[in-house]
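Let's walk through this one together, starting from a single side chain and moving out to the helices. Have your viewer ready.

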Number of protein chains: 2
Amino acid sequence: MAKLRRVVLERLMRYYRFLSESSFKKPPQTITSAQIAEALDIDPTQVRKDFGTIGLLGIGRVGFDVCEVCRAIRFNLGFDQRQEAVLIGTGHLGTALLAYSGFASYGLHIVAAFDSDSDKVGGEIAGCAVKPMRAMKPYIKRRGIRLAILTAPHEVAQKLADRLVSAGIKAIWNFAPTRLTAPPDVLVRDEHISLGLSVIAHHLAQATRPDRGQDTEGRAP
Amino acid sequence: MAKLRRVVLERLMRYYRFLSESSFKKPPQTITSAQIAEALDIDPTQVRKDFGTIGLLGIGRVGFDVCEVCRAIRFNLGFDQRQEAVLIGTGHLGTALLAYSGFASYGLHIVAAFDSDSDKVGGEIAGCAVKPMRAMKPYIKRRGIRLAILTAPHEVAQKLADRLVSAGIKAIWNFAPTRLTAPPDVLVRDEHISLGLSVIAHHLAQATRPDRGQDTEGRAP
DNA sequence: CCCCTATTGAGATTTTTTTCACGTTTACTA
DNA sequence: TAGTAAACGTGAAAAAAATCTCAATAGGGG
């Protein structure tokens, strides 16, 4: 499996979401790059190129087999192997993520949550047990968990990240408003909604105090 | 105020967060492009270019005035003008966003929440009144609100988006796992965490079944 | 069975984004 | 007050990403 660039990965995810949602699974189960492009506002050539990079071949005058496309994307994005994760910090956001049922379709399973609040420890959120922080490291080691979802407050985020790394975590999905430092072999994906806000705020400000500005850019993800 | 590209906007936000967080406000209140670049893992030239596009000039051997940089970014991102928003859908995620206190520093104020659950209507979440859906349109019109934060379930997201547009909303910050359709003058920013997941899942899958793959790409936002 | 047209794959081209290279400016030091 | 070095601005180059063009292919209709 080749290493893919981020832009490609994100587009693959979009294709996957589009194809798995709607009713493309029923016959004739094929779709053309133009149809996908139209729906997702992407260039058709781009779609074919992306498919090409994960080894998908279409057939002239017909297009692509939807199931085959989904299978290839699942393979390349790793959705076909069960991925266990722990979630650190059961605040509002952590709870929202625990309650989100869509992760399973990407192979992602949150198997435990950890929190420092002793009132929450011992309880359950959306069917997931909440454990004390001190149980984190042994739990991760014992189960060989590689992914952590970090939804703790800013103040403790880096410290927790360090503990996660030392426990053997290989990827941190960081929702804390903090830029984390981690060794190069650990992937950190910062999920900052503030980036989205910058686009929105600027757009609205533009409308208020415009200046020779013509549209040059389309829509966000 | 010139129209800026998305990549630039997102980097500006990163600079802003970095500069406003730490203690750069105390004397000498200056910072070099290299320092910023180092902390944010960006090329120093890029930093200077970005600053240049919003009209910031540094001075040789000194760098940039932190306050001036912040002010320029605030202006260009529109943080200096109060921006009122409504939030639609007070589920876990909606609640998390209502409870997040950081928005105010970007000029963003969520002034009302709307929900279809009659148990929630009339109540308050994080100091924000929850109103019935039917009150949405008149409220938006009356207060001239231009931004809506959409945290409703997938099934109703598009229908709500249509109602928001007809009420006069000019930007939708969409957290529903749905690609929305809206007129071209309405900005839609889809905030899909699944895009982040694609990067993480691929990384972990790579580690499991590698193939001549050497690292070519750095870290996420 | 052969033509017609929709659709693909891939090379070429363009555009965007990032990085490099270097002359200029400015503060510090002797 | 001149020399030095750190930092800047900018134009050129490189790299990455997106788009265009077109011959080849494959169903479908006559």
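B:L197 touches A:M13, A:F103, A:Y106, A:L108 and A:W173, leaving aside residues up to four places away in sequence; contact here means heavy atoms within 4.5 Å. B:L197 sits in helix α8 (residues 193-208) of chain B, and it counts as buried because its relative accessibility is 3% (buried is under 20% relative accessible area, exposed over 50%, partly exposed in between, with a 1.4 Å probe and protein chains only).

Keep in mind that this is a predicted model, in which local features need pLDDT of at least 70, side-chain atom pairs count only at pLDDT 80 or more, and totals for chains, interfaces and linings use all residues. Residues are numbered from 1 along each chain as its sequence is written, chains are lettered from A and ligands numbered from 1 in the order in which they are written, and side-chain values use heavy atoms, without hydrogens and water.

Now look at α5 (residues 92-99) in chains A and B: the two helices pack at an angle of about 165 degrees, with their axes 8 Å apart. α5(A) is therefore roughly antiparallel to α5(B), a label for angles over 145 degrees. The contact involves H92, L93, T95, A96 and A99 from each of chains A and B.

Finally, turn to helix α2 (residues 33-40) of chain A, where A:S33, A:I36, A:A37 and A:L40 are buried. They lie on the same side of α2(A) because they cover an arc of only 100 degrees around the axis. Just after α2(A), A:D41 takes a positive phi of about 60 degrees.

Terms used. Axes are lines fitted to C-alpha atoms, for helices over the stretch in contact, and angles run from 0 to 180 degrees between N-to-C directions. Helices (H or I, at least four residues) and strands (E, at least two) are DSSP runs, numbered from the N terminus. Angles under 35 degrees count as roughly parallel, over 145 as roughly antiparallel, 65 to 115 as roughly perpendicular and the rest as oblique. The arc is that of the directions from the helix axis to the C-beta atoms.
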